[in-house]
Amino acid sequence: MVKSNTYTNTSFVYETKLNIPLEYKEKCIDALYNLKTHPVAPRDKSFEDTFDEQNSGQVVISNYNLVVEAPILKKLLDNITKIIKHHVFPNYLEDQWDLNMASCWGGIYEKNGKALSHNHIPFYYSFVYYLKTSDQSSPMIFEGNDNLSISVRDDLLLFFSSGQYHHVPPNKGEDRIFIAGNMELNQK
Ligand SMILES: [Fe+2]
């Protein structure tokens, strides 16, 4: 069951649960913790601007092709692509358009880790899926005239218009572990 918020005139935020098996989820989490010992992510300017680690907690993040770095996540990412396609294509002609995952990454917000306001232009849809959260995990905030604050919890998938600005306040709880990605819409 997918819940949809028509957030602004141009933006949508969908939320749903995937119910992935516990054993598989734990393997995915282990794979993301391994990123901590094999840091490969370039700390480029856009990363620094978004996560502002010097003034907050650390955000450990993979590179932008998570499947190569952690192949076990492929099944999960393929499933997410399928779910997003299913919800996009009622509005488009599937024989003329294709929706592909253009980039995907995973990360861990440690205590006080945060993300400043940003969007994912030029992509079409973006998503975030939470593998591990706690009661004190910071929410995902979608920005508008009134902010839409979504409490994150294990197994929650959010997908949203890539142009939608969003941010994550400083994380108060334990490690908040997620994967995320961008989808592009191409004419066939
Ligand atoms: Fe983002």
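Me: In which strand does Leu158 lie?

Reply: This is a predicted model, in which local features need pLDDT of at least 70 and side-chain atom pairs count only at pLDDT 80 or more, while totals for chains, interfaces and linings use all residues. Residues are numbered from 1 along each chain as its sequence is written. Helices (H or I, at least four residues) and strands (E, at least two) are DSSP runs, numbered from the N terminus. The strand of residues 156–161, in which Leu158 lies, is β9.

Me: Is Leu158 buried or exposed?

Reply: A residue is buried if 20 or more other C-beta atoms, placed from the backbone, lie within 10 Å of its own, exposed if 12 or fewer do, and partly exposed in between. Leu158 has 21 other C-beta atoms within 10 Å, and therefore counts as buried.

Me: Which residues does Leu158 touch, not counting residues up to four places away in sequence?

Reply: Two residues are in contact if their C-beta atoms, placed from the backbone, lie within 7 Å. With residues up to four places away in sequence set aside, Leu158 touches Val13, Tyr14, Glu15, Phe127, Val128, Met140 and Ile150.

Me: How many residues of β9 are buried?

Reply: The strand is largely enclosed by the rest of the structure. This is so because, of its six residues, the number buried is five.

Me: Over how many bridges do β2 and β9 pair?

Reply: Two strands pair if DSSP finds at least two bridges between them. β2 (residues 12–17) pairs with β9 in the antiparallel sense, and Val13 stands opposite Phe160. The number of bridges between β2 and β9 is five.

Me: Which residue in β9 is the bridge partner of Tyr129?

Reply: β6 and β9 run antiparallel and are joined by five bridges. Within β9, the bridge partner of Tyr129 is Leu157.

Me: Which residues touch the most other members of the largest nonpolar core?

Reply: A nonpolar core is a set of buried Ala, Val, Leu, Ile, Met, Phe, Trp, Tyr and Cys residues joined through C-beta atoms within 7 Å. The largest has 38 residues, and those touching the most other members are Phe127, Tyr129, Leu158 and Ile179. The elements that give two or more residues to this core include α1 (22–37), β6 (125–132) and β9. Beyond its neighbours within four places in sequence, Tyr129 is in contact with Ile80, Leu157, Phe178 and Ile179, and the four core residues named above are Phe127, Tyr129, Leu158 and Ile179.

Me: Which strands stand at the edges of the open sheet of four strands?

Reply: The sheet has the order β5-β10-β7-β8, with antiparallel pairing. Its twist averages 15° from one strand to the next, where axes are lines fitted to C-alpha atoms, for helices over the stretch in contact, and angles run from 0 to 180 degrees between N-to-C directions. Two edge strands each have a single partner, so one side of each is left without a neighbour in the sheet. These edge strands are β5 (115–118) and β8 (148–150).

Me: How many bridges join β4 to β11?

Reply: β4 (residues 97–109) also pairs with β3 in the antiparallel sense. β4 and β11 (residues 176–187) run antiparallel, and Trp105 stands opposite Ala180 in β11. The number of bridges that join β4 to β11 is twelve.

Me: What arc around the axis do Leu76, Ile80 and Ile84 of α4 cover?

Reply: These three residues of α4 are buried, whereas the face turned away from the buried side carries the exposed residues Asp78, Lys82 and His86.

Me: How far does α4 reach from its first C-alpha to its last?

Reply: The expected span of a helix is 1.5 Å times one less than its number of residues. α4 has 15 residues, and its reach is close to the expected 21 Å. From first C-alpha to last, α4 reaches 21 Å.

Me: Which residue does a cis peptide bond join to Ile121?

Reply: The omega of this bond is about 20°. The residue in question has its place in the loop between β5 and β6. The cis peptide bond joins Ile121 to Pro122.
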